[in-house]
Amino acid sequence: MGVLSSPDSVVAGGLKERKRWNFHWYEALAGYGFVLPAIVAILVFTIIPIFIALGLVFMEYDILSPAKFVGFENIKRIFTDARLGNSYLVTLKFVFMATLVNNILGILLALGVNRSMPGIMKYFLRTTLFFPVLTTSASLAVVWQYLMATDRGILNYLLNQIGLASVPWLSSSSWALASVVIYDVWRACGYMMVLYLAGLQGIPESYYEAAKIDGADGFQLFRYITLPLLSPTAFFCVVTSIIGASQVFDNAMVLTRGGPQDATRLIALYIYEKGFKGFEMGYASTISVTLLIILLLITLFQFWFSKKWVNYE
Amino acid sequence: MATINPVRRIELQEKSTSGGFKGRSITRYFGTSILWIFLIVMALIEFMPVSWLFANSLRNPAVAYNLPPSFLPTSWQWENYTAVVFSPQIRFLLFFWNSVKIGIITTFFTLLTCSLAAFAFARLKFPGKNILFFLFLATLMIPWTVVMIPNFIIISRLDFIDTHWALVLPALTSAFGIFLLRQQFMSLPEALMDAAKIDGAGYFRIFFLIMLPLIGPGLSALGIFTFLGSWNNYLGPLLYLRTTDNFTFPLAIVTLQGYMGTGNRAHVLAGIMISVAPVLAFFLLAQRYIIQGIAITGLKG
């Protein structure tokens, strides 16, 4: 606060003083006061923790005994840990499938719900499609465990009714990840729908009218007006989906507990396991820092990429 | 397609006069019906688990496993609910209270700290403002997995393990909330604040009496999502809470499932239904508002 002028100089120098600093000392003081609670909270529980995490990369720490400096041991270990490689592969598959399906369904649902229809129908559709978003993911995962049970599960019963064989949804390593994706899509596609709906409704009606006068048909309207003008929304939704899906924890934790045989050991579950089951906090932090770096690179890449295909108005 | 909007009606008329109407309309109605089938199938898929949950929470526990499954209630055994709520082993009302308490405290403080900071960032001038705001925005890019372990260490150093402080303290503010509310404050006319200043109101008064009431929609959207986030939080309680009496709802339900084993599925489902019902009821009442809130918060985030 050394830059602040004293009250005396404000009284004496009045306008001149304000021009020099472009703020008033009392206003600045109020500003700092207003920001202070948030700063303290974010400092203690976000910014300091980042530095602790970076420090732990070079440490061995199990919370009970004092931290031990181990140099680059944790970093070396990353490159030889086969389970970590598997975990990243599983996460990559999950992120790809979840992002793709959520966004495609989100766009289609938004296009459907955006049509003119009776108010009650709109209310019904929006309620049923959106409600799962608000439910507790851990509790509903318990419900889906019952639905996806191999024997006497509801999904398999329905499959059998239409003449298909039962699927070992959660108990086979080839199906488990797909099941976690299905559950994720069930919860999240309504959210995507709402975001795309907002994007659709932001497109001015006059553009469509103008194109129709020029003789454009339904597909052309979609291809040359809806799609380009929806691209900022789509970009935002894809970025959010990728970043969100790479940190999914509750779904897999309750539904499959990472199994069978690490088939659904998403990276967040692996960090949790290393940190809180094995108490290898140094190594767990090292993994989380690799995730941080990867997500930052993805974000940078996406913003560079967006300049190429997003049409901002 | 009971109603045809004016634009489409004009379009239909134009097509009919130009002669190409018939062929177009067949493909149009084909496309429309596919879209409708898709919508209805999706609505059923999204609705089925919840209706199955409700129907089976009311079944006799002895037949809860029986197939075929019922998606609409076949019996109304409300005893399942009383059995869960008043069970001697699991103190369900306590879990409910824990979740409500943590949710309310978290929401209150998040709204307070976020709106204060957002007001300063939007309307006050002070040195270092832009750097501080950038710092807040930058924290949005930090995955929670990075701060999970350090936070656990901090909380255990502060000796808050197995207390509700462990869940409240890290959630006292939200960088996203500050960003959202700052947008809301910036959309208010500048003259409003100048007028209040001329009338001699201090910054605190301007904030509480003039500015805050005007950003009601933003506040309630942030409030709803903060409360829901806290209500649905599973990882935090999983990490920090040890004593069963301290458990919150999501943790209690996952435990309930293990505790009671597979024998009492109807009871587990009744427990889940109790945790979902308040959210569902609230959503049915405030549906439009919540969806608008998501649209604001989502697209500007």
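Q: What share of the 313 residues of chain A counts as buried?
A: In this predicted model, 40% of them do; buried means 20 or more other C-beta atoms within 10 Å of a residue's own, with C-beta atoms placed from the backbone.

Q: What's the radius of gyration of chain A?
A: Chain A has 26 Å, while a compact globule of 313 residues would be near 20 Å (taken over C-alpha atoms; the globule rule is 2.2 Å times the number of residues to the power 0.38). The C-alpha trace of chain A spans about 90 × 70 × 35 Å along its principal axes.

Q: And how many helices and strands in chain A?
A: 13 helices and 2 strands, going by DSSP runs numbered from the N terminus (H or I, at least four residues, for helices; E, at least two, for strands).

Q: Switching to the contact between the chains: how many residues does each put in?
A: Chain B gives 79 residues and chain A gives 80, where contact means C-beta atoms, placed from the backbone, within 7 Å.

Q: Which helix of chain B brings the largest share?
A: Helix H14 of chain B (residues 265–300), with 15 residues.

Terms used: Residues are numbered from 1 along each chain as its sequence is written. Chains are lettered from A and ligands numbered from 1 in the order in which they are written. This is a predicted model: local features need pLDDT of at least 70, side-chain atom pairs count only at pLDDT 80 or more; totals for chains, interfaces and linings use all residues. Two residues are in contact if their C-beta atoms, placed from the backbone, lie within 7 Å. A residue is buried if 20 or more other C-beta atoms lie within 10 Å of its own, exposed if 12 or fewer, and partly exposed in between; C-beta atoms are placed from the backbone.
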